[in-house]
Amino acid sequence: MDRRAFGMGAVATLGLSACASASPRFLTYDGPEVTSLVINKGARKLYLLHNEHVLKEYKVDLGFAPRGTKTQRGDGRTPEGTYLIDRRNPNSRYHLSLGISYPNSQDVAKAKAAGVDPGGDIFIHGQPNKRAERKRAKKTEDWTAGCIAVTNDEIEEIYAMVNRGTTITLRP
């Protein structure tokens, strides 16, 4: 009897895993490689590029103090400069996220000279997973602590298209 129950459980598990693989968790992308990202903070736009050709364009929300570059933890600014996409987080507190390599060595040196912490954990991400945070984000443009936010559908697309190591330039 125990063998039969075990066998039935094994068959059910295999059947469920086959169903799970039939519908992937993440979108896939087979178009031209995204060779760089550009964020124009003033226009609130994110561009995905293949060399000089714009593949996609998105409207973005920025940090709650969007003017100027990030200089220290808690200033609410989105960094300016050139960085890399250095990590991918499918289990983010927001709907997916791509990490930006801020702070770089120059950012750290400037912050050290000013006697402040440069901050970190800058991402491109979707909307908050928690309902209360989602409500707050809907009420305010530029609601992040310094990150770049897009819709959940958009971050799914971006997440599929952008690889780790891709250059990102954030402009004023």
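Of the 172 residues in the protein chain, 35% are buried. The model described here is predicted. Its accessible surface amounts to about 10300 Å², and carbon and sulfur atoms account for 53% of that area. Among contacts between residues at least 6 apart in sequence, 61% link residues that are at least 24 apart.

**Overall arrangement**

The chain contains four helices and eight strands. Followed along the sequence, these elements give the pattern α-β-β-β-β-β-α-β-α-β-α-β. The eight strands build an open sheet with mixed pairing, in the order β3-β2-β1-β8-β4-β5-β6-β7. Because β3 and β7 (148-149) each have a single partner strand, they stand at the edges, and one side of each is left without a neighbour in the sheet.

| Strand pair | Sense | Bridges |
|---|---|---|
| β1 (residues 36-40) and β2 (residues 45-50) | antiparallel | five |
| β2 and β3 (residues 53-59) | antiparallel | six |
| β6 (residues 122-125) and β7 | parallel | two |

**The strands and their turns**

The hairpin of β1 and β2 has four residues between its strands, and arginine 44 there adopts a positive phi near 55 degrees. Two residues lie between the strands in the hairpin of β2 and β3, where asparagine 51 in the turn shows a positive phi of about 55 degrees.

Leucine 46 links the description of these strands. This residue of β2 is the bridge partner of isoleucine 39, and its bridge partner in β3 is tyrosine 58.

Glutamate 156 is located in helix α4. Is this residue buried, partly exposed or exposed? Glutamate 156 has a relative accessible area of 27%, so it is classed as partly exposed, given that buried means under 20% and exposed over 50%. Leaving out residues up to four places away in sequence, glutamate 156 touches Leu27, His95 and Leu96. With histidine 95 there is a polar contact between the two side chains, at 2.6 Å. Glutamate 156 and glycine 126 are 30 residues apart along the chain, while their C-alpha atoms are separated by 8.2 Å.

At its start, a side-chain oxygen of asparagine 104 comes to within 3.1 Å of the backbone nitrogen of glutamine 106. After α2 comes glycine 115, which has a positive phi near 75 degrees.

In soluble globular proteins, nonpolar side chains tend to be buried together. Here the largest nonpolar core comprises 25 residues, and those with the most contacts inside it are Leu37, Leu46, Leu48, Ile124, Ile158 and Ile168. Two or more residues are given to this core by each of β1, β2, β4, β5, β6, α4 and β8 (167-171). The largest share, four residues, comes from α4.

Which residues does leucine 37 contact, apart from its neighbours within four places in sequence? Leucine 37 is in contact with Leu46, Tyr47, Leu48, Ile85, Ile124, Val162, Thr166, Thr167, Ile168 and Thr169.

How values were computed
Residues numbered from 1 in each chain as written. Predicted model: local features only at pLDDT ≥ 70, side-chain atom pairs only at ≥ 80, totals over all residues. Heavy atoms only, no water. Pairing = 2+ DSSP bridges. Buried < 20%, exposed > 50% of the residue type's maximum accessible area, 1.4 Å probe, protein only. Contact = heavy atoms within 4.5 Å. Areas by Shrake-Rupley, 256 points an atom, 1.4 Å probe, with all protein chains shown as cover. Polar contact = N/O pair within 3.5 Å; in protein donor to acceptor, adjacent residues only side chain to side chain. Core = buried A, V, L, I, M, F, W, Y, C linked by side-chain atoms within 4.5 Å.
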